[in-house]
Amino acid sequence: MLQREPLSQRGPLPPFLRRRRLQRLSAAATLLASAAALALWGRSPLLLFLAAPASQAGCSSEQQHPGQQLTPAEVREEDILGGRRSALLSAGVALSVSSLAGSPLAAEALFGFFEGPKLVPYTVPGVFNISMPPEFVLSKEAPGLLGWRGNRIQVNEVMVAEAKAIRSNNLAEAVGPNVTVVGERLAAARPAVQPDSTIASALLNAREVPGQDVYIFEFESDYIHELQLFSVVKAQGKNYLCSVGLRTPALTWEDRKEIFPQILETFKPLEPQPARPAVQAATGTVNP
């Protein structure tokens, strides 16, 4: 049985073989980078597209150097090494594409492309700012009121931001000190599918934003899933009851469950607001 001489004991490779190895390594790095970039844009299988370059990288030494005279040992060694590189290159491309397609956010973060959703800021004049995705179309504008349409096919996907001057100094006075009790009261009559009608909904969540005079509620009925924000904002020497409502059909909630909370996080009064004292939800009393 023939014993193959270890690579470490063989003499130095001829210069043209060293150049070939460097060229193949460079081609492999370029190909993997291209696969990653293309996967970010298309997110479709690229193996067929990349098969031709990968197979070219592993073609025989006779095809790569038609004018070079290699010894049989050099030809055999170079073809074996070329086949190994081709297999590794194809495997690397497959792994890169599959991992990018499976976790697009991680890939975009890796390449510096993902910086969070691009939201468009809007202002309820003189009171607060709120931002919406660029595909949400401003459909209504009136004093103290802004309205948007999201999915144009789903007529029940509506976003509304509103500010109304009131005498109350805070939410505890305006709607009640216990956020859960307030949420249950609101859930009993939420906007329904038909205009000017209401429907009972389930209260999924009711919470206060720490340090701010802000309540956030989540409601769900058989037809509508809704996030609702309330806040009392001091602006221009007055108190305003501010609300931001985000509604979508229950069937499309999966498409909005990430962006809706991000929209509410952009709520920002135009003027600095006093810190809100801690409220005990169980008793509705305010700590001194």
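I took rings of Phe, Tyr and Trp (its six-membered ring) as paired if their centres lie within 6.5 Å, with planes under 30 degrees apart counted as stacked, over 60 as edge-to-face and the rest as tilted. With that rule I looked for linked rings, and I noted that ring pairs join Tyr215, Phe217, Phe219 and Phe230 into a cluster.

Before going on, I recorded that this is a predicted model, in which local features need pLDDT of at least 70 and side-chain atom pairs count only at pLDDT 80 or more, while totals for chains, interfaces and linings use all residues. Residues are numbered from 1 along each chain as its sequence is written, and side-chain values use heavy atoms, with hydrogens and water left out.

**Aromatic pairs**

I found six aromatic pairs in the structure. For burial I used under 20% relative accessible area as buried, over 50% as exposed and anything in between as partly exposed (1.4 Å probe, protein chains only). Tyr122 counts as buried at 18% relative accessibility, and Trp148 is buried at 0%.

The charged end of Arg190 sits over the Phe219 ring, 4.6 Å from the ring centre.

I counted three salt bridges, each a side-chain nitrogen of Lys or Arg within 4 Å of a carboxyl oxygen of Asp or Glu. Arg190 takes part here too, meeting Glu226 at 2.6 Å, N to O. Arg190 lies in strand 6 (residues 190-191) and Glu226 in strand 10 (residues 224-235), so this pair ties together parts 36 residues apart in sequence. Arg190 is buried at 8% relative accessibility, and Glu226 is buried at 3%.

In the bridge between Arg256 and Glu157, the closest N and O atoms are 2.9 Å apart. Arg256 lies in helix 8 (residues 253-256) and Glu157 in the loop between strand 4 and strand 5 (158-166), so parts 99 residues apart in sequence are tied together. Arg256 is buried at 14% relative accessible area, and Glu157 is buried at 1%.

The side chains of Lys257 and Glu254 also form a salt bridge, at 2.9 Å from N to O. Lys257 is partly exposed at 37%, whereas Glu254 is exposed at 54%.

**Largest pocket**

Lastly I looked at pockets, a pocket being an open set of points on a 1 Å grid over the protein atoms alone, where a 1.4 Å probe fits, with protein on both sides within 12 Å along at least five of seven lines; lining residues have an atom within 4 Å of a point. Of the 30 residues that line the largest pocket, Val158, Met159, Val160, Pro191 and Arg247 are the closest to its centre. Strand 5 gives the most to this lining, with six residues.

Definitions and conventions
A charge sits over a ring if NZ of Lys or CZ of Arg is within 6 Å of the ring centre and within 35 degrees of the ring normal. Helices (H or I, at least four residues) and strands (E, at least two) are DSSP runs, numbered from the N terminus.
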